[in-house]
Amino acid sequence: MSLPATIRTTQPADRQPIQAIADQEALFTAEEAACVSELLGDYLGRPDHNGYFFLTAEVGGEVAGFACYGPTPLTHGTYDLYWVAVGPEFKRQGIGRSLMQQVEQEVRQQGGRMLVADTSGSPAYDRTREFYERLGFQRAATVPDFYREGDPLVLYVKSLQPDRQRTKATLDQSA
């Protein structure tokens, strides 16, 4: 079941609800939740946002989730997806997908050509990896023992250039 979510630019009033979502997210460590707070502070407090952008998903006037992304330094048109998180009562209702659609749209508007998402390869992140794959991300690399021994980094990429996606699909079919 999908809930109708409004996806909008994050506002100062969203800070506490976003932090509550980060604090409640079982997959986030305390360090990651603290990092959300730090980057959100940069986004809200600096005119240049320090290179970070936040979107808020709202359902019925309540903050239901957020996404954070930004341009990858020293690249041309590559953007990193830092987080996409949805409150526990709103999970598996299409809100994460709606957030990601808006992230992709905004990255394209900012001249982005590629979106990169990285995540853990541990079993706890199986649903996260499935989520990225359902959205059309391609697994590009795995780095063993990245986060800690036995916990690899899994790197996903998604081209935001329709011609590139068609070309890749054509090449894959002809091989």
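1. A search of the whole structure, which is a predicted model, finds ten aromatic pairs, where rings of Phe, Tyr and Trp (its six-membered ring) pair if their centres lie within 6.5 Å, and planes under 30 degrees apart count as stacked, over 60 as edge-to-face and the rest as tilted. Local features need pLDDT of at least 70 and side-chain atom pairs count only at pLDDT 80 or more, while totals for chains, interfaces and linings use all residues; side-chain values use heavy atoms, without hydrogens and water, and residues are numbered from 1 along each chain as its sequence is written.

2. One of these pairs is stacked, with F54 and F66 at 6.2 Å centre to centre and 25° between the planes. This pair links distant parts of the chain, since F54 belongs to strand β2 (residues 53-59) and F66, twelve residues apart from it, to strand β3 (residues 62-71); strands (E, at least two residues) and helices (H or I, at least four) are DSSP runs, numbered from the N terminus. F54 and F66 are both buried, that is, under 20% relative accessible area, with exposed meaning over 50% and partly exposed in between (1.4 Å probe, protein chains only).

3. Y132 and F137 form a tilted pair, with 5.4 Å centre to centre and 55° between the planes, and both Y132 and F137 are buried. These two residues also belong to one aromatic cluster, formed by F131, Y132, F137 and Y156.

4. Turning to helix α3 (residues 95-109), R97 lies within this element. R97 counts as partly exposed because its relative accessibility is 36%.
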